[in-house]
Amino acid sequence: MKFCPNCSSDKNIKSGIVNNRQRYKCKACSYYFSVEKVGKKIDDYYVNKALQLYLEGLTYREIERILGVSHVSVMNWVKKYNIKRPYNSNYHPTYKILNALELSEYFGNRDNLKGAGAVVTELGDKFMLIKWERFKA
Ligand SMILES: [Zn+2]
């Protein structure tokens, strides 16, 4: 099985021979690649992170903005791994990108977490705090 080096989809079609190498076209993102090519490899880190954020209720566009991976790739991963999220759409979290010091200051203030749920996930050299105002009317 051949995976697209751009979005890691396994749906592709043969698309001619270039320089004696079979070329493929990804059906998901239209990226052309050949089997031997060492393309832009999507780090598993970003796949996991994107799916994690998706599950937390963020939109594709938000994930694109935060991680810098195309929303098309994120959509393909969601499809590929058959991710379904339990949240309804009017239940949307807010998020902040913080460094370690800002994060500890944030948690140091109890009011920041009153009546809310929060998770922290590593994001490169910073941290992302995702927060739900659960009990807001
Ligand atoms: Zn692709």
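**Ground rules.** I number residues from 1 along each chain as its sequence is written. Because the model is predicted, local features need pLDDT of at least 70 and side-chain atom pairs count only at pLDDT 80 or more, while totals for chains, interfaces and linings use all residues.

**Overview.** I started with the secondary structure and found four helices and six strands in the protein chain. Helices here are DSSP runs of H or I with at least four residues, strands are runs of E with at least two, and both are numbered from the N terminus. Along the sequence I read the pattern β-β-β-α-α-α-β-α-β-β. I then looked up burial: 16% of the 137 residues of the protein chain count as buried. Buried takes 20 or more other C-beta atoms within 10 Å of a residue's own, exposed takes 12 or fewer, and partly exposed lies in between, with C-beta atoms placed from the backbone. For contacts with a separation of 6 or more, 43% come from residues 24 or more positions apart. A contact means that two C-beta atoms, placed from the backbone, lie within 7 Å.

**The sheet.** Next I traced an open sheet of three strands, ordered β1-β2-β3 with antiparallel pairing. β1 (12–18) and β3 (32–34) are the edge strands with a single partner each, so one side of each has no neighbour in the sheet. From one strand to the next, the twist averages 35°. Pairing requires at least two DSSP bridges between two strands. β1 and β2 (residues 21–26) run antiparallel and are joined by five bridges.

**The cores.** Which residues make up the largest nonpolar core? I listed nine: Val47, Ala50, Leu53, Tyr54, Leu58, Ile63, Leu67, Val74 and Trp77. α1 (44–55), α2 (60–67) and α3 (71–80) each supply at least two residues of this core, and α1 gives the most, with four. A nonpolar core is a set of buried Ala, Val, Leu, Ile, Met, Phe, Trp, Tyr and Cys residues joined through C-beta atoms within 7 Å. Ala50 was worth a stop: leaving out residues up to four places away in sequence, Ala50 touches Ile63, Leu67, Val69, Val74 and Trp77. I also noted a second, separate core of five residues, among them Cys4, Cys7, Ala28 and Phe33.

**Helix α3.** In α3 I found Ser73, Val74, Asn76 and Trp77 buried. They lie on the same side of α3, because they cover an arc of only 160° around the axis; the arc is that of the directions from the helix axis to the C-beta atoms. The buried residues of α3 pack against α1 and α2. After α3 comes Asn82, with a positive phi near 55°.

**α1 against α3.** How do the axes of α1 and α3 cross? They come within 10 Å and cross at roughly 80°. Axes are lines fitted to C-alpha atoms, for helices over the stretch in contact, and angles run from 0 to 180 degrees between N-to-C directions. The two helices are therefore roughly perpendicular, a label for 65 to 115 degrees. Val47, Ala50, Leu51 and Tyr54 of α1 make the contact with Val74, Trp77 and Val78 of α3.

**Ser8.** Last, I checked Ser8, in the segment before β1. Ser8 is partly exposed, because 18 other C-beta atoms lie within 10 Å. Ser8 and Trp77 are 69 residues apart in sequence, yet 7.8 Å apart in space, C-alpha to C-alpha.

Note on methods
Parallel < 35°, antiparallel > 145°, perpendicular 65-115°, else oblique.
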